[in-house]
Amino acid sequence: MAMDDNNDEDSSSSPYYLHITLALLATISFWAQSVVTEERLVPALHVLADYYKIPDDVAGATLMAAGASSPELLCTLVS
């Protein structure tokens with residue numbers, strides 16, 4: 001049984017369209033995350049800061065950090 005020596009492509013190189021597709025998906029992902037943050041998270045933090053009478057600079061640092069790390073906290077509590 002002879003080995004197939006007609007393979008001209010290098011198995012370690014990936015096609016250029018894969019890189020373009022991944023870059024496009026990463027761009028869309030970052031855009032979607034910015035939209036969700038701007039339209040949902042920031043207004044919710046503003047409501048919380050007004051309710052608890054927290055100054056804007058403190059609320060921006062504290063509540064934004066808590067909101068950004070809540071998915072990891074939830075995963076830790078569930079597992």
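Guide: The bend at a residue is the angle between two fitted axes, one through the seven residues ending there and one through the seven starting there. In this predicted model, helix 1 has a kink of about 40 degrees, centred on Thr-37.

Visitor: Where does the kink in helix 2 lie?

Guide: That kink, of about 45 degrees, is at Ser-70, shortly before the proline Pro-71.

Visitor: What span should the 36 residues of helix 1 have?

Guide: At 1.5 Å a residue, helix 1 (residues 16-51) should span 52 Å, and its end C-alpha atoms are 52 Å apart, so the two values agree. Helix 2, residues 56-78, reaches 32 Å from its first C-alpha to its last, close to the expected 33 Å.

Visitor: How are two packed helices described?

Guide: By the angle between their axes and the distance between the axes. Here helix 1 and helix 2 pack at about 125 degrees, with axes 10 Å apart. The two helices are therefore oblique to each other, and their crossing is right-handed.

Visitor: Which residues meet there?

Guide: From helix 1, Thr-37, Leu-41, Val-42, Leu-45, Leu-48 and Ala-49 meet Ala-59, Leu-63, Met-64 and Gly-67 of helix 2. Eight residues of this contact are nonpolar, two are polar and none is charged.

Key
Residues are numbered from 1 along each chain as its sequence is written. This is a predicted model: local features need pLDDT of at least 70, side-chain atom pairs count only at pLDDT 80 or more; totals for chains, interfaces and linings use all residues. Side-chain values use heavy atoms; hydrogens and water are left out. Helices (H or I, at least four residues) and strands (E, at least two) are DSSP runs, numbered from the N terminus. The expected span of a helix is 1.5 Å times one less than its number of residues. Axes are lines fitted to C-alpha atoms, for helices over the stretch in contact, and angles run from 0 to 180 degrees between N-to-C directions. Angles under 35 degrees count as roughly parallel, over 145 as roughly antiparallel, 65 to 115 as roughly perpendicular and the rest as oblique. A crossing is left-handed if the near helix is turned anticlockwise from the far one by less than a right angle, and right-handed if clockwise. Contact means heavy atoms within 4.5 Å. Ala, Val, Leu, Ile, Met, Phe, Trp, Tyr, Cys and Pro count as nonpolar, Asp, Glu, Lys and Arg as charged, and the others, Gly among them, as polar.
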